[in-house]
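Welcome, and thanks for stopping by. Shall we walk through this structure together, one question at a time?

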Amino acid sequence: MSFPSGRLRGGRFEPRVEARRRAGIRFMWLCRFAVAFGVASLLVLLVSILTVGIPALSPDFLANDPSRFPERAGIRSAILSSAGMLALVAAMSFPLGVGAALYLEEYAPRNRLTRLLQTNIANLAGVPSIVYGLLGLAVLVRFLALERSLLTGAATLSLLVLPLVIIAAREAIRAVPGSLRAAAYALGATRWQAIRHHVLPAAMPRILSGTILSLSRAGGETAPLLVIGAFTFTAFDPVSATDPFTALPVQIFNWTTEPQGEFRALAAGAIVVLLGALLLMNAAAVLIRNRYER
Amino acid sequence: MPSDAVLETIGLGVRYGETRVIEDISLRIPERRVVAFIGPSGCGKSTLLRCFNRLNDLVPEARLTGQVLFRGRDLYGPAVDPADVRRSIGMVFQRPNPFPKSIFENIAFGLRINGFKDDIRDRVEVSLRAASLWDEVSHRLDADALGLSNGQQQRLCIARALAVEPEVLLMDEPASALDPIATGRIEDLIGSLRGDYTIVIVTNNMRQAARISDDTAFLYMGELVEYKETQRLFTNPEDRRTEDYITGRMG
Amino acid sequence: MSRPDGRLRPHGRLRAGRSRWGERLIGALLFGCGAVSILTTVGIVVVLLTQSLGFFTEVSPLEFLAGTRWSPDPAPRSFGILPLLNGTLLVAGGAALVALPAGLATAIYLSEYASRQTKRIVKPALEILAGIPTVVYGYFAVVFVTPILRAVFPGAGVFSAASAAVVVGIMILPMVSSLSGDALSAVPRSLREAAYGLGATRLEVSTRVVVPAGLPGIAASFILAISRAVAETMVVALAAGATPRMTLDVFESVQTMTAYVVQASLGDAPSGTIGYRALFAVGLVLFFITLALNLVSQRMAARFRESHT
C-alpha cells in the first residue's frame, strides 16, 4: 500500500473562519426573528382580542340573544346551540370512532379492504371542512330533508371529526400492552371480553382525551355550518334536535362582517368566550390523560 | 515517550449534568504517534477523545473543567473557534456516517466548507487513494455513498477526514461495527497513516490496541490509570486494575 | 378463541358456540363503524360528481375550466372558474411566502440552536397558535391586519388578498414548523457529528447537511401546509373580499373558491338551480386540488420515513 503523503499536504485552504462565524450569527438571528414572528403573532392576536373582548363581557352579554342593537345583543342562543350541537357530536362520533378504531386495531384482517379503510381515513382527515358542508347540504339538508337543524349541524361536524377520533382512539388502543390481551385470553376470555374488560378500560383515558380534543376542533368550526345554512341570527333557545340552529363561531363570523365597531367588539367578546371554552376542553383532555395514566 | 506533545490535557474533567464522566486526567499525546485508549465500556474514553475536537460542545449539559492544549494553545480559550479546531483535528466515528450524497460529494463537502482552492477532483482522488478506497470506487464517484459496504463506508469517512489535511486523527472505535476482514483493512490503513499523522484511537479490542498503537492509555471509571508504551503496558502493567483488565478478569 | 380447560362441562361447549356467533356479530358491528368513513368518502364523491354533472349539462367544462369571468348572478351569467382559482392561488401563494420560510427557520432554530428552556416556551406557544379556530383568525385579519396594511400601503383595499395571505400564513406556520421539525429531528445525530468533525459551522451543518437530509419530510410539510391554505375558508371569506377577478395585485379584493362557496350558501340558493350546482362544481375542484396535494405529501412523508428507519 503506497501512501502519497506529499500530495495530501500543502493544499491551499482559505477557511475564512471569521467570515463564516459571522454568517452563522446572522443566520441564527434570522432564525430567531422567525421564532419571534410566530410567538409575537400569538401574543398580538391574543392581546388585540382580549383588550376589546373582555370589556364586552357582561352578564347581559351572556344572557341576551342577538339583536340589531349592539348594546342589547348577546350570545345566549349561540352558546346553547354550540353546547347542544357538541353534545350530539360527542354522542355520534365517540361510539362510531371507537368502534372503527377497535375494528382496525383488534379485528381487521390484513387485507386490501383494511388498507383501503386506513388510507381512506387518513385522506378524510385532509378533506377541506367546507366540502363536508357541501356533503351535509346535499345529503342531510336536501336529500334527507332534515332541514337546517341542530341535528344536521351536529351530523356534519361528526363526520368532519370522525377521522380525528378514529386516529386518536387507534393510538390509544395500540398503546395498550399486548401482555394485557394475552393475560385475558389465557384466562379463557373471548376477543370481545378481552376488549371490553381489559383493552377498552386501559385505553379509555387516552380515547377520551383524544375525543375531547376533536370536539374542541368541532366547536371552533364555522365554514361547514355556514354552508349547511346555520342561522346567523337566532333569537330563541334551541330545545330539540330539529330546531334551527346557530353556533358561537357563526355568531362571531356574523358580527365580524358588520362594519360598525360596536359589533366588532361583540365579536371579540364572543371570541373570548369561545377561546375560554376551547381552553377548558383542552385542559380537561390533558388532565384526563395525566390523571389516569401513571 | 517523546516530549513534544501535540495534545495535552491538564486536570481534565467532564460532567454530564450531575454525572462525572472523566475526572482529573492529565496526559500528553506526542507528535506522529498512534495512541490507543482502552478500558471497559463507560470508562470515559470516548468522552476524553471528544474533548480533543470540542465535540462535547454539542451536548448541552456537558461541563468541562481543566485544560486541553493543542500545540500549547488552550483549545477552549475564548479566541478559539471550534470549527477551526475541528479542521486540524479530524475524527472518524464508531459507525460509518457518510452523508447521504455521492461518494465524491462526501469528500468535497469538507473541502468546500474549508475554502479549498486547488483542484477538488484531484484532491478527492488523492484522499481516496490515501484511504485505499480509490480502486474500488474510482469508476462510480457519483454513486450514492450509502450504497457502499460498511467497511468501504468507513474508509470513505477516513478519506473524508484526511482530505482537509488534519494534523491529528481521532478514531472512536472505528472498526467496532465492521466484520473481521473490513476490520483488518482499517487496521492496515491505520498502519499506512502512521508516521504522517498523530492518531488517537479508542478501542474495546485489546489485541487491536496491541497491534496498531505505539502508546496505550488505560482508563477506568473516568480515571487515567496507566499510560505508557503499548508493549510495556501489556507486558508489564504496574497497576492492579490494568492487569485485571488486560488479562480478562475485568470488563 | 376460547380455550376449554380439561374440566369443561357439557353446556360449556354450547356457550362457546354461542359466544363465537356473538363475536362475529360484534366484529360486523365494529366493521360497520369503520364503514361509515368509507360511506363518507363515497358520499362526498357522489354528491360532488352528480351535482357537478348537472352543472356541466348547462355549462361546458371548457368554459368552466378556461373561462376568465365568474359571475353567477347578474346576467349575463358566466361560470369561468379561473378568477376563483386566481384568488385561491394568490392567497395560498402569499401565505406560503410567509409560512414556509418562517416555519422552516423556526424548525431549524428549535432543532439545531435552541436551548431546552426556549423550546419549552416556543413549542406550546406554537401549539396554541395551531389550535385557534379559523374564524378567530378571520376576525384578526379584518380588525387588526387589514388596518395596518392600509396604513402602510395606502393602495390596499378594505378587503385584500394580502391581509388574508398574511393571516393564513400565520395560521399554517405552526404546521410547517412542527412537521419540518419532525423531519429535522429524524436526521441522525451521527450526520451532524460527521459535519462538525470536518470543521463545519452550525450554519453549514444545518443548511448543507441536516436540511438536505430532511428535505423529503420538509417538502411533505410544505405541501400539506399549502393544501391547508387552499382549503382555508373563514379568513378569506372575511378578509379577502368577494370580487372574483384575474389579478396579481395582492392589495385588491379577490374571491377564492372557498369564499365563493360561503358567500353563495349565505344566499341560500334553491336546490336544482344552476347557482346551487355551481357550488358543487367549485367544491369538486377544491376537493381534487387538496386531495392531490395531500397524496403527494403523504407519498413524500412515507418515502422519508422509509429512508430513516
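Q: Does Asp239(B) count as buried, partly exposed or exposed?
A: This is a predicted model, and the answer comes from counting neighbours in it. Asp239(B) has 13 C-beta neighbours inside 10 Å. A buried residue needs 20 or more and an exposed one has 12 or fewer, so with its 13 Asp239(B) counts as partly exposed.

Q: What distance separates the C-alpha atoms of Asp239(B) and Leu148(B)?
A: Along the chain, Asp239(B) and Leu148(B) are 91 residues apart.

Q: Which percentage of the residues of chain B count as buried?
A: The C-alpha atoms of chain B fill a box of roughly 55 × 45 × 35 Å along the principal axes. Among its contacts with a separation of 6 or more, 68% involve residues 24 or more positions apart. Of the 251 residues of chain B, the buried ones make up 49%.

Q: What radius of gyration has chain C?
A: Let's turn to another chain. Chain C has 12 helices and 2 strands, and its C-alpha atoms fill a box of roughly 90 × 70 × 35 Å along the principal axes. A compact globule of 309 residues would have a radius of gyration near 19 Å, but the value for chain C is 26 Å.

Q: Among contacts in chain C between residues at least 6 apart in sequence, what percentage join residues at least 24 apart?
A: Read along the sequence, chain C follows the pattern α-α-β-β-α-α-α-α-α-α-α-α-α-α. Buried residues make up 53% of its 309 residues. For contacts between residues at least 6 apart, the part joining residues at least 24 apart is 72%.

Q: Is Leu291(C) buried, partly exposed or exposed?
A: Leu291(C) is found in helix 12 of chain C, residues 274-307. Ser227(C) is 64 residues apart from Leu291(C) in sequence, with 8.3 Å from C-alpha to C-alpha. Because 17 other C-beta atoms lie within 10 Å, Leu291(C) is partly exposed.

Q: Which helix gives the most to the side of chain C that touches chain A?
A: Here 71 residues of chain C are in contact with 69 residues of chain A. The chain C side divides into 43 nonpolar, 24 polar and 4 charged residues. With 19 residues, the helix that gives the most is helix 1 of chain C, residues 10-58.

Q: Which helix gives the most to the side of chain C that touches chain B?
A: In this contact, 15 residues of chain C meet 22 residues of chain B. The elements giving two or more residues on the chain C side are helix 7 (189-197) and helix 8 (202-213). By class, that side has 7 nonpolar, 5 polar and 3 charged residues. The most, 6 residues, comes from helix 7 of chain C.

Q: How many residues of domain 2 of chain A are in contact with domain 1 of chain A?
A: The domain assignment of chain A gives domain 1 (17-56) and domain 2 (61-292). Their centres are 33 Å apart, taken over C-alpha atoms. On the domain 1 side, 6 residues take part, and by class they are 5 nonpolar, 1 polar and no charged. On the domain 2 side, the number is 7.

Methods:
Residues are numbered from 1 along each chain as its sequence is written. Chains are lettered from A and ligands numbered from 1 in the order in which they are written. This is a predicted model: local features need pLDDT of at least 70, side-chain atom pairs count only at pLDDT 80 or more; totals for chains, interfaces and linings use all residues. Domain bounds come from an automatic or database domain assignment. Two residues are in contact if their C-beta atoms, placed from the backbone, lie within 7 Å. Ala, Val, Leu, Ile, Met, Phe, Trp, Tyr, Cys and Pro count as nonpolar, Asp, Glu, Lys and Arg as charged, and the others, Gly among them, as polar. Helices (H or I, at least four residues) and strands (E, at least two) are DSSP runs, numbered from the N terminus. The radius of gyration is taken over C-alpha atoms; the globule rule is 2.2 Å times the number of residues to the power 0.38.
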